[in-house]
Amino acid sequence: MSNNLDSWRRLPAAQQPEWPDRGALERVVTKLEGLPPLVFAGECDNLKAELAAVARGEAFVLQGGDCAETFAGATADAVRNKLKTLLQMAIVLTYAAKVPVVKIGRMAGQFAKPRSKGTEIREGVELPAYRGDMVNGLDFTPEARTPDPERLLQAYHSSAVTLNLIRAFTKGGYADLRQVHAWNQDFVAESPAGKRYEQLAREIDQALAFMRACGADPEEFHTVEFYSSHEALILDYDHALTRIDSRTGLPYDVSAHMVWIGERTRQLGSAHVEFFANIRNPIGVKLGPTTSVDDALVLIGKLNPDNEPGRLSFITRMGATKIREHLPELVEKVTASGAQVAWICDPMHGNTFEAPSGHKTRRLDDVLDEVAGFFEVHRALGTHPGGIHIEFTGDDVTECVGGGRAIVEDDLALRYETACDPRLNRGQSLDLAFRVAELYRSA
Ligand SMILES: O=C[C@H](O)[C@H](O)COP(=O)(O)O
Ligand SMILES: C=C(OP(=O)(O)O)C(=O)O
């Protein structure tokens with residue numbers, strides 16, 4: 001690979017595993033370099049074009065999935081349930097807010113986690129923190145927690161399996177609009193959000209019947225464009241999966257359509273920012289409440305110097321209590337600079353707290369409040385609220401509190417299954433989609 005693509009190696013890279021055996025890592029990297037791409041550069045360009053429409057105010061991003069995917073979680077049921085939930089959310093947004101929705105999974109590659117502490121202590125025993133299935137295991141044993149580079153290969157194969165299922169579901173009939181009821185069948189009787197969705201699905205059915213009677217039955221009603229994304233945290237992995245596109249001669253990280261830089265690794269002069277500057281995928285950068293206008297402008301200069309539409313999304317994660325204070329100046333000054341960015345709201349990561357039981361959790365009300373703040377800020381500035389980025393699962397877990405079928409703090413232990421941060425369950429995700437649609441309509 002060209003020297004330019006290796007320039008990140010000279011810079012500090014935060015949050016990288018301490019691999020015990022560098023030789024083993026190098027052998028794995030060589031294998032990864034020989035494996036086929038998971039996505040094609042042309043598909044990344046298609047997503048870039050869709051994100052350009054978002055930056056122009058013509059479409060809305062729905063990006064979401066697990067906080068941390070696991071190898072064990074790459075099953076047909078789990079993937080289908082996540083996809084189903086995301087499709088239902090997208091339908092709510094498309095139909096109720098009348099906006100095209102760009103669908104991006106935190107799926108097929110979200111296997112690495114930045115951590116606030118390098119180690120975890122339980123009953124006096126200190127072990128390396130879990131950093132995602134791509135790095136080590138969740139079990140609290142020295143064996144599981146020791147970083148193992150073979151896991152990078154497993155992450156590749158698990159991504160391939162997941163992506164294959166996603167492609168089959170989205171192109172093979174499951175995502176057909178005539179299935180709007182079928183996606184909800186197991187859900188309608190038991191949840192307020194499911195009942196609300198059913199009403200909307202009936203209206204869609206009628207609209208479809210009307211269109212068919214008029215002779216209109218476009219391809220878009222039968223298949224769905226769905227893109228993959230992850231935090232490109234472990235640079236040895238994402239670098240090994242970077243390929244030169246034969247059409248253009250330019251490098252793309254072909255492990256996912258879109259990759260993002262996390263809040264903990266977006267420092268100016270960091271290895272992550274350098275690596276991202278050299279790949280041509282559409283990219284995101286998470287921006288927390290301490291982001292200065294200068295930080296944002298320097299990131300734009302480095303990551304999108306040609307102001308290419310759709311190339312850069314800023315994913316803000318301020319927290320419900322801070323967004324109204326910190327977001328306006330950022331959006332105002334970035335917009336005044338002429339930079340074209342898509343603004344996406346991550347209402348999860350600024351709203352995590354520890355419940356008395358010790359579970360990390362989030363309140364759906366805080367999530368909704370941050371999203372409302374995001375819309376208020378953009379409405380006041382005349383800019384476009386471009387999308388949401390969430391952690392959710394298609395299963396009925398009890399990890400976040402609140403929602404139409406309210407989960408309280410005492411319920412958290414019932415089904416707390418996340419490998420890292422708490423996710424919205426299916427009902428909470430649909431509650432959120434309905435609220436976002438209302439906010440979008442009135443923006
Ligand atoms: O998902 C994001 C981070 O990996 C996560 O918030 C880190 O959490 P920690 O503070 O438990 O390390
Ligand atoms: C770590 C994450 O978020 P952030 O970088 O915003 O903390 C994440 O999205 O998994």
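By contact I mean C-beta atoms, placed from the backbone, that lie within 7 Å.

Quick housekeeping. This is a predicted model, where local features need pLDDT of at least 70, side-chain atom pairs count only at pLDDT 80 or more, and totals for chains, interfaces and linings use all residues. Residues are numbered from 1 along each chain as its sequence is written, while chains are lettered from A and ligands numbered from 1 in the order in which they are written.

Now the overall picture. The C-alpha atoms fill a box of roughly 65 × 50 × 45 Å along the principal axes. As for burial, 47% of the 443 residues count as buried, meaning 20 or more other C-beta atoms within 10 Å of the residue's own; 12 or fewer is exposed, in between is partly exposed, and again C-beta atoms are placed from the backbone.

On to the fold. We have twelve helices and 14 strands, which are DSSP runs numbered from the N terminus: H or I of at least four residues for helices, E of at least two for strands. Eight strands close into a barrel with parallel pairing, in the order S1-S2-S5-S8-S9-S10-S11-S14. Neighbouring strands there are turned by 25° against each other on average, direction ignored. Pairing needs at least two DSSP bridges; S2 (residues 101-105) and S5 (residues 226-231), for instance, have three, in the parallel sense. Gly105 sits opposite Ser228 in S5.

So where does UniProt put its "binding site" feature? The unreviewed entry lists Cys67, His349, Glu391 and Asp421, though such annotations may be inferred rather than shown by experiment. They span 355 residues in sequence, but no two of their C-alpha atoms are more than 10.0 Å apart, so they gather at one spot.

Let me take two of them. Cys67 is in the loop between S1 (60-65) and helix H3 (76-97), and it's buried, with 22 other C-beta atoms within 10 Å. Asp421 is in the loop between S14 (387-391) and helix H12 (426-442), and is partly exposed, with 18 C-beta neighbours. Beyond four places in sequence, the contacts of Cys67 include Glu391 and Asp421, and those of Asp421 include Lys360 and Glu391.

Key. Axes are lines fitted to C-alpha atoms, for helices over the stretch in contact, and angles run from 0 to 180 degrees between N-to-C directions. Two residues are in contact if their C-beta atoms, placed from the backbone, lie within 7 Å.
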